[in-house]
Amino acid sequence: MKEKSKILLFIPAYNCEKQIIRVLSQLGEEMMCYIDQVIVVNNRSTDETEEVVKKFIDRCHSISIKLLRNKDNYGLGGSHKVAFDYAIKEKFDYVMVLHGDDQGEIHDFLPVLRTGMYRQYDCILGARFMKGSKLQGYSKIRTFGNILYDFLFAAVIRKRVFDLGSGLNLYSTKMLKSKYYEKFPDNLMFNYCMILASDYYGHRIRFYPISWREDDQVSNVKMFHQAMTVLSMLKGYYINKQSILKDYRQIKVENYEADVIADSEQTG
């Protein structure tokens with residue numbers, strides 16, 4: 001019998017005071033059999049997200065959970081860097097990502113955890129646009145656009161691609177230890193670079209169907225500008241794969257740091 005993997009659940013949060021409690025409420029007894037610790041990384045929210053999480057920590061002592069606040073607004077990609085660095089430093093074997101705006105359902109990954117299939121791969125990427133996935137409230141034009149870009153990326157890396165960046169993923173920290181991700185964009189483009197880097201470094205990827213919904217979430221995607229930027233990035237990688245090694249950031253951050261605001265182990 002294999003030794004149990006040490007898994008960190010990372011929940012990025014920005015202005016999701018209405019949704020974050022629903023996300024945290026997904027962490028039932030069965031799911032927490034596989035997760036050793038939860039960190040909510042607050043990216044300098046301007047609403048009550050932080051207070052909602054603190055109240056949850058105060059009353060829920062059965063879950064090992066920390067609330068972190070980024071030193072600055074690093075963006076979604078920057079929050080990933082904070083969490084990945086934390087996972088490496090604290091010697092976790094894997095880090096799971098679940099966005100704090102309650103679009104994804106963490107229980108979709110229960111079969112992945114139960115069977116231990118994740119140990120065969122460097123990362124398991126939740127896929128909204130493959131057979132077995134379920135979409136709710138997602139517009140036809142956004143679905144078409146996503147599938148089109150999946151095909152474009154697949155044509156460049158010559159592997160099937162079913163999603164460029166959903167909000168439910170699982171990464172091996174062994175894959176992350178070189179910190180190749182540090183120069184990736186700190187915005188929503190971070191996950192696109194992760195896909196190209198996995199091709200460049202030969203990571204073992206497995207896409208897995210998930211459910212996804214949109215109801216009261218607020219999208220931060222600027223569709224046209226992002227589409228053009230993604231095409232430029234993809235073209236650069238097609239011409240020269242080593243382009244993935246360049247610094248994509250608009251602002252060069254020396255250290256991605258966060259303060260611990262609340263810790264269940266100190267309040268329990």
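In strand β8, I205 is the bridge partner of C123. This contact belongs to the pairing of β5 with β8 (residues 205–209) in the predicted model, where the two strands run in the parallel sense over five bridges.

Strand β5 spans residues 123–127, and five of the five are buried, so the strand is largely enclosed by the rest of the structure. In a regular strand, side chains alternate between the two faces of the sheet. For β5 both faces are covered, with C123, L125 and A127 buried on one side and I124 and G126 buried on the other.

The nonpolar patch is formed by F144, L148, L152, F224, M228 and L231, which together have about 590 Å² of accessible area. Helices α6 (140–157) and α9 (223–239) are the elements that give two or more residues to this patch. L152, found in α6, has a relative accessible area of 31% and is therefore partly exposed. The other patch carries positive charge and gathers K6, K91, K174 and K177. Of these residues, K174 lies in helix α7 (residues 173–176) and counts as exposed because its relative accessibility is 72%.

Side chains of opposite charge can pair when their charged atoms come close. A search of the whole structure finds 14 salt bridges. One of them joins K4 and D36, with an N to O distance of 3.1 Å. This pair links distant parts of the chain, 32 residues apart: K4 is in the segment before β1 (7–13), and D36 is in the loop between α2 (29–32) and β2 (37–42). K4 is partly exposed at 46% relative accessibility, and D36 is partly exposed at 32%.

A salt bridge also forms between D85 and K179, whose closest N and O atoms are 3.8 Å apart. D85 in helix α4 (residues 75–89) and K179 in the loop between α7 and α8 (190–201) are 94 residues apart, so this pair too links distant parts of the chain. D85 is buried, with a relative accessible area of 16%, whereas K179 is partly exposed at 30%.

In the salt bridge between R249 and D247, the closest N and O atoms are 2.8 Å apart. R249 is buried at 12% relative accessible area, while D247 is partly exposed at 27%.

Technical notes:
Residues are numbered from 1 along each chain as its sequence is written. This is a predicted model: local features need pLDDT of at least 70, side-chain atom pairs count only at pLDDT 80 or more; totals for chains, interfaces and linings use all residues. Side-chain values use heavy atoms; hydrogens and water are left out. Patches are made of residues with over 30% relative accessible area and no salt bridge: like charges are joined within 9 Å, nonpolar side chains (Val, Leu, Ile, Met, Phe, Trp, Tyr) within 5 Å. Accessible areas come from the Shrake-Rupley method with a 1.4 Å probe; for residues, only the protein chains shown count as cover. A salt bridge is a side-chain nitrogen of Lys or Arg within 4 Å of a carboxyl oxygen of Asp or Glu. Lys and Arg count as positive and Asp and Glu as negative; His and the chain ends are not counted. The place of a charge is taken as NZ of Lys, CZ of Arg, CG of Asp or CD of Glu. Helices (H or I, at least four residues) and strands (E, at least two) are DSSP runs, numbered from the N terminus. Buried means under 20% relative accessible area, exposed over 50%, partly exposed in between (1.4 Å probe, protein chains only). Two strands pair if DSSP finds at least two bridges between them.
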